[in-house]
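Here is a friendly walk through a structure, from its overall build down to single residues. Keep the viewer open as you read.

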Number of protein chains: 2
Amino acid sequence: MRLNATSEARTRIGFQGEPGAFSEEAVRDLLGGYARAVPCPTWDATFAALAAGSVDALLVPIENSLAGSVLRVYDLLLEHGLWIAAETIRNIEHHLIACPGASLDSIRSVESHPMALAQCERLLAAHPEWARIPAEDTAGSARHVVESGDPTRAAIAGRAAAELYGGEILLEDIRDDKRNFTRFVLLLPAREVVPGADKMTLAMRLVHRPGALLDALQPFARHGVNLLKIESRPIHGCPWEYQFFLDVGAERAQDLEKALDELRQGAEEVRVLGLYPAAPTLDCVEAQGGLQ
Amino acid sequence: MRLNATSEARTRIGFQGEPGAFSEEAVRDLLGGYARAVPCPTWDATFAALAAGSVDALLVPIENSLAGSVLRVYDLLLEHGLWIAAETIRNIEHHLIACPGASLDSIRSVESHPMALAQCERLLAAHPEWARIPAEDTAGSARHVVESGDPTRAAIAGRAAAELYGGEILLEDIRDDKRNFTRFVLLLPAREVVPGADKMTLAMRLVHRPGALLDALQPFARHGVNLLKIESRPIHGCPWEYQFFLDVGAERAQDLEKALDELRQGAEEVRVLGLYPAAPTLDCVEAQGGLQ
């Protein structure tokens with residue numbers, strides 16, 4: 001796949017979800033008109049589509065600021081031996097969507113994925129007369145509501161879903177917490193690095209002893225490499241080993257390489273999952289009040 | 001709340017979900033007959049119940065081996081200034097449940113929380129004739145299916161839900177991945193430490209520079225304290241500061257205290273979220289095949 005190319009035959013990017021899903025919006029953010037987003041019903045089907053060659057790459061959520069890392073995606077990424085070649089960060093906005101002609105007064109039920117319902121609890125609590133109806137995904141709930149033509153039904157989904165299915169947004173940005181960001185990554189079947197790549201994602205295993213992580217992090221500090229994200233993976237029942245996922249960044253690619261070489265000497269096992277340009281950070285939505 | 005006491009009036013433990021939920025099973029694991037589990041419909045309602053004094057403590061999931069940390073719970077814990085006083089780890093088993101008299105041949109639809117449906121994708125893919133129906137929670141789906149008396153409907157939920165509502169388990173342990181563990185924590189309104197507490201949960205903020213985390217971890221290594229879990233929190237748009245959640249463990253409480261004193265001198269902000277006995281680790285379900 002040539003990420004920078006223009007082409008008549010648009011590159012097919014698989015995503016998990018229905019048309020209008022946040023992942024589809026992320027495909028447009030990252031690749032614009034160059035890509036054609038291909039919906040896949042489940043995670044297994046998404047990764048199988050790439051293995052079968054029916055799509056050229058995948059765009060998948062890997063981290064959300066409220067829900068944390070999507071460890072299932074890390075597992076599938078490792079299992080299928082894929083490569084992270086790009087990232088994009090989206091501000092996830094939820095809207096209250098209904099069919100044309102509906103109004104807040106006509107609504108009697110609100111449907112969406114339970115995670116989206118949970119992220120808009122304050123609005124729902126203020127309207128106890130609205131029944132909560134779980135759905136398998138956000139975009140699909142918008143489609144069902146609009147197709148029904150029933151003014152008593154509303155859905156919670158993103159703007160793309162409202163536009164795609166011809167729904168009306170009755171209330172904008174109804175999230176309880178505006179700090180709702182999702183980071184998506186582009187996965188390719190093999191290593192490909194674009195110019196300007198300054199961020200690396202790694203998986204590693206360490207023997208479990210005091211100081212093991214400290215020792216593993218030394219090479220990064222020594223070469224001026226920033227640690228951007230770290231997460232240990234709970235392997236319950238295997239208390240003497242554990243797994244880490246790291247994102248690191250440096251202005252100079254050779255600093256990353258040097259740190260990696262030294263890291264490999266100390267860790268049990270290290271695997272580079274990708275090397276790509278860091279996405280621009282979004283505006284700081286609101287200052288957090290500190291920990292206390 | 002006196003965790004070791006026996007009492008006529010059983011301690012009321014709030015949990016998010018319906019009766020028969022995995023959180024309710026976790027209450028029994030941890031406190032046995034001493035506690036009375038009180039279902040709360042939403043996260044906000046759960047934490048509000050403790051604030052209002054209508055329950056004495058909360059038991060909430062904080063980490064899952066497939067889905068990662070429940071960052072929303074960390075946020076609420078910080079916001080409400082609560083204290084982690086105990087933990088328990090459960091192996092989350094999903095079963096296919098129907099009303100008495102139903103059989104695999106009579107099933108036409110399967111309902112559950114989308115996360116549970118996603119965790120049993122292989123079974124569902126093998127039965128394309130079964131419609132997938134999303135529900136707001138696993139235990140509630142079991143209740144609805146059994147109450148309907150309809151032999152074409154099945155639910156995916158835990159054993160407690162099957163037993164509570166009188167359902168029959170048609171297929172046992174239908175998870176795609178047997179490494180599905182959830183860690184639950186007991187939250188109290190104020191600091192309380194039981195004898196044998198050897199594990200500490202911390203939140204901290206650090207200035208973002210190469211080596212900042214390394215420096216912060218030095219005190220733990222120096223005092224022989226094990227790092228059991230680490231997670232950085234994405235604060236997108238605030239690139240010069242970031243937040244960490246740590247679990248650390250030591251055989252001697254004074255080692256933890258010494259490391260903490262030194263940590264406080266280097267970190268921007270440190271808050272102890274709890275001190276409690278580490279739960280026994282579960283049996284290693286299957287060896288992972290390594291990273292490669």
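## Terms and model

Helices here are DSSP runs of H or I with at least four residues, numbered from the N terminus. Please keep in mind that this is a predicted model.

## Overall build of chain A

Let us begin with the whole chain. Chain A contains nine helices and 15 strands. Its domain assignment lists domain 1 (11-92 + 180-188), domain 2 (95-171) and domain 3 (199-276). Taken over C-alpha atoms, the centres of domain 2 of chain A and domain 3 of chain A are 43 Å apart.

How does the radius of gyration of chain A agree with that of a compact globule? For 292 residues, such a globule would come out near 19 Å, and chain A has 21 Å, which agrees. Along the principal axes, the C-alpha atoms of chain A fill a box of roughly 65 × 55 × 35 Å. Of the 292 residues in chain A, 47% are buried. Among contacts in chain A with a separation of 6 or more, 75% are between residues 24 or more positions apart.

## Helix α8 of chain A

Helix α8 of chain A covers residues 212-222, and its buried residues are A:Leu213, A:Ala216, A:Leu217, A:Pro219 and A:Phe220. Viewed down the axis of α8(A), these buried residues fall within an arc of 135 degrees, so they line one face of the helix. The general rule is that an α-helix has 3.6 residues a turn, so residues three or four places apart point the same way.

What comes just after α8(A)? There, A:Gly224 takes a positive phi of about 70 degrees.

## Asp173 in both chains

A positive phi also turns up at a residue that is not a glycine: A:Asp173 has a phi of about 45 degrees. This residue sits in the loop between β10 (168-171) and β11 (181-188) of chain A. Is A:Asp173 buried or partly exposed? A:Asp173 is partly exposed, because 14 other C-beta atoms lie within 10 Å.

Now turn to chain B. B:Asp173 is not a glycine either, and its phi is positive at about 45 degrees. Its place is the loop between β10 (168-171) and β11 (181-188) of chain B. B:Asp173 has 14 C-beta neighbours inside 10 Å and therefore counts as partly exposed.

## Helix α9 of chain B

Helix α9 of chain B runs over residues 253-266. At 1.5 Å a residue, its 14 residues should span 20 Å, and the end C-alpha atoms are 21 Å apart, which agrees.

Which residues of α9(B) are buried? They are B:Asp255, B:Leu256, B:Ala259 and B:Leu263. Seen down the axis of α9(B), the buried residues fall within an arc of 95 degrees, so they line one face of the helix. Turned away from that buried side is a face with the exposed residues B:Gln254, B:Asp261 and B:Gln265.

## B:Thr138 and its surroundings

B:Thr138 is found in helix α6 (residues 138-148) of chain B. B:Thr138 counts as buried because it has 27 C-beta neighbours inside 10 Å, and the cut-off for buried is 20 or more.

What does B:Thr138 touch, leaving out residues up to four places away in sequence? Its contacts are B:Ala21, B:Ser112, B:His113, B:Ala116, B:Ile156, B:Ala157, B:Gly158 and B:Ala161. B:Ala126 is twelve residues from B:Thr138 in sequence, and the two are 21 Å apart in space, C-alpha to C-alpha.

Definitions and conventions: Residues are numbered from 1 along each chain as its sequence is written. Chains are lettered from A and ligands numbered from 1 in the order in which they are written. This is a predicted model: local features need pLDDT of at least 70, side-chain atom pairs count only at pLDDT 80 or more; totals for chains, interfaces and linings use all residues. Domain bounds come from an automatic or database domain assignment. Helices (H or I, at least four residues) and strands (E, at least two) are DSSP runs, numbered from the N terminus. The radius of gyration is taken over C-alpha atoms; the globule rule is 2.2 Å times the number of residues to the power 0.38. A residue is buried if 20 or more other C-beta atoms lie within 10 Å of its own, exposed if 12 or fewer, and partly exposed in between; C-beta atoms are placed from the backbone. Two residues are in contact if their C-beta atoms, placed from the backbone, lie within 7 Å. The expected span of a helix is 1.5 Å times one less than its number of residues. The arc is that of the directions from the helix axis to the C-beta atoms.
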